[in-house]
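Subject: Structure handover

Hello,

Please find the structure below, followed by notes on what was found in it.

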Amino acid sequence: MSLDTLTRPWKAFSYGFLDASAKREMRRKILKAIAVPGCQMPYASREVPIARGWGTGGLQATLTLVNPGSVVKVIDQGADDSVNAASIRRFIARVSGAATTLDTVQATIIQSRHRVPEEKLRADQVLVLQVPNPEPLRPVEPNMSVARQMHADADYGRMWLQLYEQIVRSGRVMQGASYPSLVNGRHVMTPSPIPRWDVPKLNMAKHLTILSAGREKRLFAVPPFTRVEPLVFDDVPYRVEDHAGLTCHRSGARGVFMNEIPQEDGTSLHEVSDSQLGVKLLNGEAPGEMWYRDGVFRP
Amino acid sequence: MQTAPHPDAREQRDNASFHALMRALSRPGTVQKLPEPGAVLIAAALLDRECRAYTDDAALEVPLRQTGAALVPLTEADHLFVTLGSAAAVTALGAAEVGSFLYPDGGATVIAPARIGEGAQLTLTGPGIDGRLSLQLGDLHPSLWEARRRLCRYPEGIDLFFIDGARVIGLPRSTAVQEG
């Protein structure tokens, strides 16, 4: 062994922004997260040139995965063209040389904030979700150490109590986004603030999902063909948002998740939340295979 | 004018190895391709100064040291490069680190050579597998599967990679293995 074999030539810039040791740590943690689906794995969460809470967790996972052959799509709340999504996409392309796309079907890595695309993901695609709060127990147990013990014991009674209280107070489950879900029958995870509409898309899916919270320094994963069951009571079935009957005012699409746009006269219009799907429909292109058909989930 | 950054050979190899390992672990039992044969590649993609490695193969000691990882006894290691062909090796593996219910990520990653597509018939079920999957793995001592069951009290456990040349198969702790 000589110094030559231990040192690397100087470089001004690490490929993919993250340095090699940051990437190796992410690799180790991603593998452990896949081995224990839904279990939060701590990681160091390095600095990246966007502020914590704006997608740093997802960005670090994407930068670890990316190579010049990757095709990257970045979504912010369904839209490809928001400042956050456009900036992250441009940054990834600039530091990795990867191709970018807005089309779900063409992408190999999809980094997303708060939505899962409406078109079905394939086995060769990886979904990276940005997670603001990785701890589903936080509303019922603010102490992180106690919450970890509760995960270790699979002690989730208080999660059901929380849902029960919502039903008693409001007549229905009020949890709109980040619906707590049991993964592989063992760990309850938050699926990140995706709407209830999107949670079934993670259950027994063909693709791998990596969920990464940069500010909170935790990472978890849902491998393909893994059970993701929203917490429900036997007599109160899981319900997705009532968007099946809404029509997009721009593309005429029906049966997909919609954004509500309030109008001056007090009414609302709706438009497709998955912006590139809306563009495809407007251009008369055929979308890929969809998770929902006529507003009904078809696995 | 910006030029597209290009990864050097080492970065390309580590990235390709990681993709193979990630696919192998998220789809247990499926055969994935490493960019080159050998366990050294896995060590290069995963290990550095933060890791403690163990190997029973003298030829691997220098490459493992070159990653910066500390070489430690089997019971303290988080990455094990071992041969699991003998009853004694499998018995020794029984003392490997399995993590805890609080921190399952403390469980060791075990990399072992095996012959893929020959030998004992196994049936896998669990996350990452659509229904069930059958495969044959050779060069492994039959007591391994009972030892693995004892180690993997989910979510505690060890995660296995079997390598055969450039081919790799992953077996995370979440997978149930049935012999036959």
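Predicted model: local features only at pLDDT ≥ 70, side-chain atom pairs only at ≥ 80, totals over all residues.

B:Cys152 has a relative accessible area of 14% and is therefore buried (buried means under 20% relative accessible area, exposed over 50%, and partly exposed in between, with a 1.4 Å probe and protein chains only). Its sulfur is too far from any other cysteine sulfur for a bond, because the closest one, in A:Cys39, is 14 Å away.

Residues are numbered from 1 along each chain as its sequence is written, chains are lettered from A and ligands numbered from 1 in the order in which they are written, and side-chain values use heavy atoms, with hydrogens and water left out.

Chain B

Chain B contains five helices and 10 strands (DSSP runs numbered from the N terminus; helices are H or I with at least four residues, strands are E with at least two). Its radius of gyration is 16 Å, close to the 16 Å that the globule rule gives for 180 residues, so chain B is as compact as a globular protein of that length. That radius is taken over C-alpha atoms, and the globule rule is 2.2 Å times the number of residues to the power 0.38. Along the principal axes, the C-alpha atoms of chain B fill a box of roughly 60 × 35 × 35 Å. Of the 180 residues in chain B, 52% are buried.

Salt bridges

There are 34 salt bridges over all chains, each with a side-chain nitrogen of Lys or Arg within 4 Å of a carboxyl oxygen of Asp or Glu.

In chain A, A:Lys201 and A:Glu118 form a salt bridge with an N to O distance of 3.4 Å. This pair links distant parts of the chain, 83 residues apart: A:Lys201 is in the loop between strand S7 (187-189) and strand S8 (208-213), and A:Glu118 is in the loop between strand S4 (109-113) and strand S5 (126-130). Both partners are under cover: A:Lys201 is buried at 0% relative accessibility, and A:Glu118 is buried at 1%.

In chain B, B:Asp139 and B:Arg115 form a salt bridge, with their closest N and O atoms 3.2 Å apart. B:Asp139 sits in the loop between strand S7 (133-138) and helix H5 (144-151) of chain B, and B:Arg115 in strand S6 (residues 115-125), so the pair ties together parts that are 24 residues apart in sequence. B:Asp139 is partly exposed at 46% relative accessible area, and B:Arg115 is partly exposed at 31%.

Helix H5 of chain B holds both B:Glu146 and B:Arg150, four residues apart, about one turn of the helix. Their side chains meet in a salt bridge of 3.8 Å, N to O. B:Glu146 is partly exposed at 39% relative accessibility, whereas B:Arg150 is exposed at 57%.

A network of salt bridges links A:Arg24, A:Arg28, B:Asp48 and B:Glu50.

Aromatic pairs

The count is seven aromatic pairs over all chains. Rings of Phe, Tyr and Trp (its six-membered ring) pair if their centres lie within 6.5 Å; planes under 30 degrees apart count as stacked, over 60 as edge-to-face and the rest as tilted.

A:Trp291 and A:Phe297 are stacked, at 6.2 Å centre to centre and 10 degrees between the planes. A:Trp291 is buried at 5% relative accessible area, while A:Phe297 is partly exposed at 24%.

B:Trp145 and B:Phe162 are edge-to-face, at 6.2 Å centre to centre and 65 degrees between the planes. B:Trp145 lies in helix H5 of chain B and B:Phe162 in strand S8 (residues 159-164), so the pair ties together parts that are 17 residues apart in sequence. B:Trp145 is buried at 5% relative accessibility, and B:Phe162 is buried at 0%.

Regards

How values were computed: Disulfide = S-S within 2.5 Å.
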